[in-house]
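Subject: Structure handover

Hello,

Here is the structure for you to look at. My notes on what turned up follow below it.

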Amino acid sequence: MGEQRVTPLELFFDLVFVFGLTQVTTVLSNNPTWHGLAHGLLLLSALWWAWASYAWLTNVTDPNDALVWGTMLVAMAAMFVASLAVPTVFTKHGVVFGVAFLVVAAMHPALYAVAARGDRDLLAAIARTTPWSLGGAVLILGAGFADGSLKSGLWVAALVVGLLGPLLIGVSGWRVHPAHFVERHGLIVIIAIGESLVAIGFGARETRLTLGVIAAAILGFIVAASFWLAYFDFFTIRAERLLESRSGGRRTALARDTFTYLHLPMVGGIVLFAFAMKTTLAHLGNELPTVPAVALCLGPALYLFAFVGVRVRVTGNPGSGRFVAGIACAALIPVTLIVPAIVGLSLVALVWVALHAYELIWWREARAETRAEATA
């Protein structure tokens with residue numbers, strides 16, 4: 001398959017995934033405790049594992065092929081059912097989630113194998129990965145029948161096997177088309193940012209639209225816009241160029257590390273911030289509860305540290321701007337625990353504004369060169 005744009009079918013799949021993200025936010029909002037936070041992060045990681053698997057699949061197949069889109073629709077239906085069960089996975093619908101997730105996991109290698117007919121290297125790569133992905137999915141299904149610490153333990157084991165297991169088997173045989181791969185991940189990031197705006201809207205709807213609520217909503221918008229600017233200002237252009245400059249296993253490994261793994265904390269940071277904003281709008285003049293206060297700062301910190309991770313992966317150097325801003329967001333956690341919610345939110349927004357001022361001034365020539373290369 002040559003380079004192509006992301007198709008409507010892939011966007012439809014992404015919308016189903018983002019519904020799952022919305023459900024994770026619901027889990028966090030309904031149970032704003034450390035257990036709730038842990039459950040939310042486990043669910044988010046599982047949903048990301050499924051989405052990332054299909055992002056690799058559609059990067060090397062033609063989504064307009066009848067067999068491909070038919071199979072994708074089945075996988076989407078299963079993903080939708082799994083997302084419906086997300087709020088009650090750890091109480092009463094763990095088996096429902098497990099069965100649906102197993103269907104998603106099973107359809108993936110089956111369709112990949114069909115698409116890889118005649119490509120022995122890609123078929124070998126699929127054969128190496130399938131036991132890990134199906135094994136992890138089976139563990140999630142098994143967790144649906146368990147209780148207490150055993151359930152959580154099986155979930156952790158499933159993610160270690162399914163999400164991290166492929167790190168042990170190498171990257172030979174896989175294919176990556178840079179432009180499509182970068183565009184696909186960029187779209188899921190912007191859709192997730194949109195979900196954070198929806199969370200702000202729902203949080204505002206549940207309270208009176210006072211000047212304080214409007215001010216907090218604007219501050220939340222500033223942070224969401226900062227997520228967008230940090231990603232789309234020049235990161236996507238540079239990421240695509242970096243992938244294009246490599247080939248074979250080096251390209252595949254960079255795509256895996258930068259997008260499959262380091263985009264997870266990006267999306268996780270957006271989800272945590274969305275959850276924190278819903279709670280913030282209801283506690284503007286009061287201190288936030290502990291977990292929402294941590295999420296308000298930890299979400300942006302994770303998002304920024306993901307970029308730091310990409311920089312370290314590529315250059316071995318963490319850089320300065322985003323690294324310092326990430327530390328600043330994390331350092332605000334103890335402050336946010338003791339000040340009114342609106343003050344904590346203001347401080348987080350201030351860190352972002354300072355970061356963008358630094359980058360727009362200090363990196364203006366590099367940004368201009370990168371943009372010129374993209375339009376050349």
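**Helix H15**

H15 has 22 residues and spans 32 Å from its first C-alpha to its last, close to the 32 Å expected at 1.5 Å a residue. The expected span is 1.5 Å times one less than the number of residues. Helices here are DSSP runs (H or I, at least four residues), numbered from the N terminus.

This is a predicted model: local features need pLDDT of at least 70, side-chain atom pairs count only at pLDDT 80 or more, and totals for chains, interfaces and linings use all residues. Residues are numbered from 1 along each chain as its sequence is written, and side-chain values use heavy atoms, with hydrogens and water left out.

Buried residues in H15 are Ala341, Gly344, Leu345, Val348, Ala349, Val351, Trp352, Leu355, His356 and Glu359. They cover an arc of only 145° around the axis, so they sit on the same side of H15. The arc is taken from the directions from the helix axis to the C-beta atoms. Leu350, Ile361 and Trp362 are exposed, on the face turned away from that buried side. Buried means under 20% relative accessible area, exposed over 50%, and partly exposed in between (1.4 Å probe, protein chains only).

**Salt bridges**

There are seven salt bridges in the structure. The criterion is a side-chain nitrogen of Lys or Arg within 4 Å of a carboxyl oxygen of Asp or Glu.

- Glutamate 359 pairs with arginine 322 at 2.6 Å, N to O. Glutamate 359 is in helix H15 (residues 341-362) and arginine 322 in helix H13 (residues 321-331), 37 residues apart. Glutamate 359 is buried at 9% relative accessibility, and arginine 322 is buried at 12%.
- Arginine 5 pairs with glutamate 183, with the closest N and O atoms 2.9 Å apart. Arginine 5 lies before helix H1 (8-30) and glutamate 183 in helix H7 (residues 178-205), so the pair ties together parts 178 residues apart in sequence. Arginine 5 is exposed, at 63%.
- Aspartate 257 pairs with arginine 256 at 2.8 Å between the closest N and O atoms. Aspartate 257 is buried at 15%, and arginine 256 is buried at 17%.
- Glu10, Asp14 and Arg184 are linked in a salt-bridge network.

**Surface patch**

Which residues make the nonpolar surface patch? Val156, Val160, Leu164, Leu167 and Leu168 do, over about 440 Å². Patch residues have over 30% relative accessible area and no salt bridge; nonpolar side chains (Val, Leu, Ile, Met, Phe, Trp, Tyr) are joined within 5 Å, like charges within 9 Å. Areas come from the Shrake-Rupley method with a 1.4 Å probe; for residues, only the protein chains shown count as cover. Leucine 168 lies in the loop between helix H6 (148-164) and H7. Leucine 168 is exposed, at 68% relative accessibility.

Best wishes

Terms used
Helix = DSSP H or I, 4+ residues; strand = E, 2+ residues; numbered from the N terminus.
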